[in-house]
Amino acid sequence: MVVADTEIIEQIDRDVKRTHPDLHFFSGDSSDAKSNQDALKNILIVFAKLNPGIRYVQGMNELLAPLFYVFKTDPNEEDAASAEADTFFCFVELLSGFRDHFCQQLDNSVVGIRSTITKLSQLLKEHDEELWRHLEITTKVNPQFYAFRWITLLLTQEFNFADSLHIWDTLLSDPEGPQETLLRVCCAMLILIRRRLLAGDFTSNLKLLQNYPPTNIRHLLYVANKLRVQSPG
């Protein structure tokens, strides 16, 4: 048990050090950056201890970072001072909706990550069957090749930090809950680059989807919202 704990703490330490190396808030030699990294580590270690069924899974640091950043940069100094505790509470809440994606035993279950990816595929088929057919049947691009990261890391790796925060505002404020909204945003991402995808083969499409091009986030969210009200057909 002690060895396992040590391994998890070392893994968390490595991942936290790699979190947003482009942002001074999280990286560098400043005392603030080190303090912020320590806070991320504390939260992830406590979460792992309290959730033995999941413990720590690589990528959780990427979900934690936006939450901590928002609380820590609160202009109200009193609120900012309790950022670590507030972030922990919100992180637990966030993962309660997505924890099944991190539980390997549930990968193939109705609540696991593969089931969620299948829902994305069905959503695309409903709204753009031509594109769905080209991707999954003609060029045989399995959605798991790109959507696994999109969904488990809530798009934090596909866009810059500011754009990720913008998307998260929409995900976390939607009364329907973040998962349905996330799937609509992912579907909209595919539709926005449909022309390039329809012209592409397996290799070029996979490369494009694993390195999503810069896009106008407001427009992306507008298209995603239209998928909610638009009846397929």
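**Notebook: salt bridges and cysteines**

I looked up Arg 149 and found its side chain in a salt bridge with that of Glu 158, at 2.9 Å from N to O. I count a salt bridge when a side-chain nitrogen of Lys or Arg is within 4 Å of a carboxyl oxygen of Asp or Glu.

The model is predicted, so I note the limits: local features need pLDDT of at least 70, side-chain atom pairs count only at pLDDT 80 or more, and totals for chains, interfaces and linings use all residues. Residues are numbered from 1 along each chain as its sequence is written, and side-chain values use heavy atoms, with hydrogens and water left out.

I then checked accessibility for this pair. Arg 149 is partly exposed at 34% relative accessibility, while Glu 158 is buried at 8%. My cut-offs are under 20% relative accessible area for buried, over 50% for exposed, and in between for partly exposed (1.4 Å probe, protein chains only).

**Entry: other salt bridges**

I searched the whole structure and got 15 salt bridges. One of them joins the side chains of Arg 194 and Asp 128, at 2.6 Å from N to O. Arg 194 sits in helix α11 (residues 194-199) and Asp 128 in the loop between α6 (113-127) and α7 (129-138), so this pair ties together parts that are 66 residues apart in sequence. Helices here are DSSP runs of H or I with at least four residues, numbered from the N terminus. I find Arg 194 partly exposed at 27% and Asp 128 buried at 9%.

I next looked at Asp 13 and Lys 17, whose side chains form a salt bridge at 3.1 Å, N to O. Both are in helix α1 (residues 2-17), four residues apart, so about one helical turn separates Asp 13 from Lys 17. Asp 13 is partly exposed, with a relative accessible area of 22%; Lys 17 is also partly exposed, at 49%.

**Entry: cysteines**

How many disulfides does a search of the whole structure find? I found zero. The cut-off for a disulfide is a pair of cysteine sulfur atoms within 2.5 Å. For Cys 186, the closest cysteine sulfur is in Cys 187, 8.7 Å away, which is too far for a bond. Cys 187 is likewise in no disulfide, its nearest cysteine sulfur being that of Cys 186. I also checked burial: Cys 186 is buried, with a relative accessible area of 0%, and Cys 187 counts as buried at 0%.

Terms used. Helices (H or I, at least four residues) and strands (E, at least two) are DSSP runs, numbered from the N terminus.
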